[in-house]
Amino acid sequence: MIKIALFQPDIPQNTAATIRLCACLNATLEIIEPCGFQFDEKRLKNIYMDYYKNCKIIRYQSFDDFIKTKKDKRIILITTKAEKNYYNFDFKKNDTILFGRESAGVPDSVHEIADARLKIPMSKKTRSLNVVTSISIVLSEALRQNNYNNL
């Protein structure tokens, strides 16, 4: 199963919307803490509604804890700093697709660990997409490539 990982998310509304998206598309959500907000069910419930119980969520206390679980699995970083477009990449079923903090992306040390760095091409007049929009775009392509029809 393809996994989506959020690196130290800043915005609770985006995290809640990601929970809903992952529940709908049957993707595991991995959250790498610390978050920029208190992660609790009551705070996020208005946005994710009842989708929380339908989403497999794994929380890691740190990036080091996250990395320890990825020994033989690829980490694919989505970043505006990449050269290669996401649609020119061959996603595999066991990939973890990593997205950075809304405010700052990921540190250079995370870039160095990633097995691949990909971007979503966009207008040069803009900086970035909303993280949930980015997740939707890339996750849909990864699912398409893997003929994932068992939703």
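Mentor: N26 is partly exposed because its relative accessibility is 31%, where partly exposed lies between buried (under 20% relative accessible area) and exposed (over 50%), using a 1.4 Å probe and protein chains only. This is a predicted model, in which local features need pLDDT of at least 70 and side-chain atom pairs count only at pLDDT 80 or more, while totals for chains, interfaces and linings use all residues. Residues are numbered from 1 along each chain as its sequence is written, and side-chain values use heavy atoms, leaving out hydrogens and water.

N26 is not a glycine, yet its phi is positive, about 60°. N26 sits in the loop between α1 and β2; helices (H or I, at least four residues) and strands (E, at least two) are DSSP runs, numbered from the N terminus. Q8 also has a positive phi, about 45°, without being a glycine. Q8 belongs to the loop between β1 (3-7) and α1 (12-25), and Q8 counts as buried because its relative accessibility is 18%.

The loop between β2 (28-32) and α2 (41-48) holds P34. The peptide bond leading from E33 into P34 is cis, with omega near 10°.

As for side chains, N146 lies in the segment after α5 (131-145) and is buried, at a relative accessible area of 12%. Its side chain reaches the backbone oxygen of A142 at 2.9 Å. Leaving aside residues up to four places away in sequence, N146 touches I2, F91, K92 and K93, where contact means heavy atoms within 4.5 Å.

Note on methods. A polar contact is a pair of N or O atoms within 3.5 Å; within protein, one must be able to donate a hydrogen and the other to accept it, and residues adjacent in sequence count only if both atoms are side-chain atoms.
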